[in-house]
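Please read these notes with the model open beside you.

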Amino acid sequence: MLHRFLEVQSTKKSMAGSFVGITYNNNREQGMGNMEDNGKRKENWQHLMYLNWQHLMYFLVAADTGNFTTAADQMFVTQSTLTKAMNNLEGTLGVPLFEKKGRNIRLTSYGENFYEDLKEITGRMSDSIHHLHDMIDLKSGNITISGSYTMCAEYLPHKIRKFRKDYPEIDFSIKYTGTSFILKQLIEGTTELGFCGDYDVNSKQYEMIERFKVKEEELIVIVPPQCRYSNAGEITDFSVFRKEPFIVNSRSNTGTNYVFNRMCEEAGFKPHIAFESNDDHTMIGMVASGLGIAVIANSPSLLVNKVTPLHFKHPPVKNQYMVYNRERDISPLVKSFIDFIRAECLSEKNT
C-alpha cells in the first residue's frame, strides 16, 4: 500500500464515502512513488518520513471505537482535529481508510489491511521499548565478553554467578581468545568488555583502551616428567633453560608471551621456539609428549596433563586486566558489571 504513488486532490465532495478524493497517477518520478525497477519493487524507508506517528495512533483508536467522537474523547482532542488528522493520513497514504456507516465509521478494505499491519508494528515497537527499559533497569540483556583462557575458565564464572544473584535475567556471551585479539575486538566494537593479560600500554593503537587490574597470575615453567629438570625444585636462574626448545602460543601478543619475552631478555638469551600453538591445552599436551618446555600461568584448569610444574623462587607474574573502549558508548548493563568487578577487587584487597 505504502509503495503506490497516488496523486491526491483535496475536494469538498467525498467520493464513495471516503474523506478525500483520489486520482491514481503512474508517474514514478514524483512523491512517494511506486518503488519499482524493471518490474521489481524496491524496499525504501523514505516513505515513512511522510507519516505522522500521532495520526497513526488516532487511526488505531478510531478503528477500535468505530466513531470519531468517541475516539476524539479518548485521545483528548476535538473531533475536528481528529477528522483533519484522518484526512491527512488518507492523503499521505493515497487510499480511503474509513467509510461512513450511519453516524459511525467502518474500515475499508484498505483500512483493514493497514490496521492489521499497524497493530503488529506498534506491538513490536512497544515490546522493544519495554525491552530497552528492562535493559536500563538491569532486568534483562546480554553482555559480550572476550577473555584469556584462565579468566574465562576460572575468574569469570565465579564473578558472573555472584553478579547474577542480583540480576538473574542478565545473560553473558563469552569468547576465549588472546590479548591482542581482545584489544582488537574492543577497538572494532565487536565485544563490549575484555579480560586480558599484559600488553604495551604505551602503544598508540591502544590509547582508547581503559584498563583496570583485577588480579595477578604466577608464571611457572612446565617440563616433561622425564626432563632432567623435573626434580630441580625451585628455579633461581631462568637462564638455565637457554638451550631448551620452547613451546609458545602462536598468537604472539598474549599476556603470557609479553612477560615471557621480557623474562628471556632479562636472563640474557633469545629463546629457541620449537613449536607454536594457539591453544593452551595443545601446548601442554606437546610438553607432556616431550617436545619441549613452556611458560604458562599456574592455573588448576591448565595443569590437567602429565607435566611437571617448576616454580620460581621469585615468581614472575602476569597481570590480568578488565579492559574496555572508553571512546564507545557503554550500556548501563555493561557499566553495572564493570562497577561490580571494581567493587569485588576493592573488597578482595581489603580482606
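1. The second largest pocket. The lining of the second largest pocket divides into 6 nonpolar, 2 polar and 3 charged residues. Here Ala, Val, Leu, Ile, Met, Phe, Trp, Tyr, Cys and Pro count as nonpolar, Asp, Glu, Lys and Arg as charged, and the others, Gly among them, as polar. The lining includes Ile235, Asp237, Met263, Glu266 and Lys313. The volume of this pocket is about 170 Å³. On a 1 Å grid over the protein atoms alone, a pocket is an open set of points with protein on both sides within 12 Å along at least five of seven lines, a cavity is a set of points where a 1.4 Å probe fits but cannot get out, and lining residues have an atom within 4 Å of a point. Grid points are joined across faces, edges and corners, and a volume is the space filled by probe spheres set on the points.

2. Where the values come from. This is a predicted model, in which local features need pLDDT of at least 70 and side-chain atom pairs count only at pLDDT 80 or more, while totals for chains, interfaces and linings use all residues. Residues are numbered from 1 along each chain as its sequence is written, and side-chain values use heavy atoms, with hydrogens and water left out.

3. The chain as a whole. The chain has 9 helices and 15 strands. Helices (H or I, at least four residues) and strands (E, at least two) are DSSP runs, numbered from the N terminus. Of the 351 residues in the chain, 43% are buried. Buried means under 20% relative accessible area, exposed over 50%, and partly exposed in between, with a 1.4 Å probe and protein chains only. Among contacts between residues at least 6 apart in sequence, 72% join residues at least 24 apart; a contact means heavy atoms within 4.5 Å.

4. The largest cavity. How many cavities of 30 Å³ or more are there? The count comes to 1. The largest cavity has a volume of about 280 Å³. It is lined by 24 residues, and the closest to its centre are Asn249, Thr254, Thr256, Asp280 and Lys318. The lining divides into 10 nonpolar, 11 polar and 3 charged residues. Helix 7 supplies the largest share, 4 residues.

5. Asn249. This residue is found in strand 11. Asn249 counts as buried because its relative accessibility is 8%. Leaving out residues up to four places away in sequence, Asn249 touches Thr254, Asn257, Ser277, Asn278, Asp280 and Met283. The C-alpha atoms of Asn249 and Ile296 are separated by 9.7 Å, and the two residues are 47 apart along the chain.

6. Helix 7. This helix has 13 residues and reaches 19 Å from its first C-alpha to its last, close to the 18 Å expected at 1.5 Å a residue. The expected span is 1.5 Å times one less than the number of residues. Its buried residues are Gly255, Thr256, Asn257, Val259, Phe260, Met263 and Cys264. Among the elements they pack against are helix 6, strand 10 and strand 12. Gly268 follows helix 7 and has a positive phi, near 80 degrees.

7. Thr150. Thr150 is found in helix 5. Is Thr150 buried or exposed? Thr150 is buried, because its relative accessible area is 3%. Its side chain makes a polar contact of 2.7 Å with the side chain of Glu217. A polar contact is a pair of N or O atoms within 3.5 Å; within protein, one must be able to donate a hydrogen and the other to accept it, and residues adjacent in sequence count only if both atoms are side-chain atoms.

8. Glu344. Glu344 lies in helix 9. With a relative accessible area of 10%, Glu344 is buried. The side chains of Glu344 and Lys159 are joined by a polar contact of 2.9 Å. Not counting residues up to four places away in sequence, Glu344 touches Lys159 and Lys162.

9. Phe76. Phe76 is found in the loop between helix 2 and helix 3. Phe76 has a positive phi of about 60 degrees although it is not a glycine. Phe76 is exposed, because its relative accessible area is 78%.
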